Amino acid sequence: MEANVRDETHLYLGRHYRLRLVEGSVQAVKLTQGRIEISLPDPFDDRRVKTLLESWYREKSMFHFQSLFDKHFIIFSGVSVREKPLLRIRNLRTRWGSISDDNVLTLNLQLIRAPRECIEYVIVHELCHLKHHNHNSEFYMLLEKHLPGWKRLKSKLELSLS
Ligand SMILES: [Zn+2]
């Protein structure tokens with residue numbers, strides 16, 4: 001193994017990637033050859049590595065969450081009486097997502113580590129709350145209609161990020 005390849009892996013969209021650290025004057029994070037490659041002036045600066053990785057996850061999550069949300073909101077626009085919610089990404093302690101009364105959909109940043117289909121499950125679940133606030137039988141009927149495989153995806157999500 002190369003010296004600068006860390007014996008640690010990080011999840012991104014459901015896959016494990018080894019971390020490769022490269023000394024370079026420009027700070028950058030990219031996916032290359034099945035690895036997450038981080039270049040920075042001091043590859044032994046663990047705190048910087050962590051910060052760079054975290055902001056990379058945030059950037060990727062903004063892109064992927066927004067495009068998945070846009071895709072599913074179009075399907076839901078006939079169902080919902082509300083305006084399109086704003087998307088916000090946060091580190092949440094106990095939830096994958098929530099939708100507030102002032103129409104903000106908050107997704108947990110940690111979801112970027114999960115498979116894409118599991119992120120979609122969380123988005124569709126929250127979109128169903130535009131119509132039904134509680135987890136009543138109508139809520140589950142709507143969820144079942146839009147995403148018949150949701151139970152499998154829910155378990156998959158819990159397993160992949162446990
Ligand atoms: Zn819910």
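Q: Which residues in H1 are buried?
A: The model is a predicted one, and in it Tyr57, Ser61, Phe65, Leu68 and Phe69 of H1 are buried. These buried residues pack against strand S5 (86–90), strand S7 (104–108) and helix H2 (116–128).

Q: How do you know that the span of H1 is close to the expected one?
A: Helix H1 covers residues 46–76, which is 31 residues, and its first and last C-alpha atoms lie 43 Å apart, whereas 45 Å is expected at 1.5 Å a residue. For H2, with 13 residues, the reach is 19 Å, close to the expected 18 Å.

Q: Why does glycine 97 count as buried?
A: The cut-off for a buried residue is 20 or more other C-beta atoms within 10 Å, and glycine 97 has 22 C-beta neighbours inside that distance, so glycine 97 counts as buried. Glycine 97 has its place in strand S6 (residues 97–99), and, not counting residues up to four places away in sequence, it touches Leu105, Thr106, Leu107, Asn108, Val122 and Glu126.

Q: Why does leucine 105 count as buried?
A: Against the cut-off of 20 or more, leucine 105 has 23 C-beta neighbours inside 10 Å and therefore counts as buried. Leucine 105 lies in strand S7, and its contacts beyond four places in sequence include Phe69, Gly97 and Glu126. The C-alpha atoms of leucine 105 and glutamate 126 are separated by 7.5 Å, although these two residues are 21 residues apart along the chain.

Q: Why is H2 described as largely enclosed by the rest of the structure?
A: The description follows from the burial count, because 10 of the 13 residues of H2 are buried. The buried residues are Cys118, Ile119, Tyr121, Val122, Ile123, Val124, His125, Glu126, Leu127 and Cys128, and what covers them includes H1, S6, S7, H3 and H4.

Q: Which residues touch the most other members of the largest nonpolar core?
A: In this core of 25 residues, those that touch the most other members are Leu111, Cys118, Ile119, Tyr121, Val122, Ile123 and Val124. Two or more residues each come from H1, S7, H2, helix H3 (137–146) and helix H4 (150–160), and H2 gives the most, with 8 residues. As general background, nonpolar side chains tend to be buried together in soluble globular proteins.

Q: Is leucine 13 buried, exposed or partly exposed, and what makes it so?
A: Leucine 13 has 18 other C-beta atoms within 10 Å, a count that lies between the limit of 12 or fewer for exposed and that of 20 or more for buried, so leucine 13 is partly exposed. Leucine 13 is found in the loop between strand S1 (5–12) and strand S2 (15–23), and its phi is near 45°, a positive value in a residue other than glycine.

Q: Is asparagine 103 buried or exposed, and how do you know?
A: Exposed is the label for 12 or fewer other C-beta atoms within 10 Å, and asparagine 103 has 12, so asparagine 103 is exposed. Asparagine 103 lies in the loop between S6 and S7, with a phi near 65°, which is again a positive value in a residue other than glycine. Most residues other than glycine have a negative phi.

Key. Residues numbered from 1 in each chain as written. Predicted model: local features only at pLDDT ≥ 70, side-chain atom pairs only at ≥ 80, totals over all residues. Helix = DSSP H or I, 4+ residues; strand = E, 2+ residues; numbered from the N terminus. Contact = placed C-beta atoms within 7 Å. Expected span 1.5 Å × (residues − 1). Core = buried A, V, L, I, M, F, W, Y, C linked by C-beta atoms within 7 Å.
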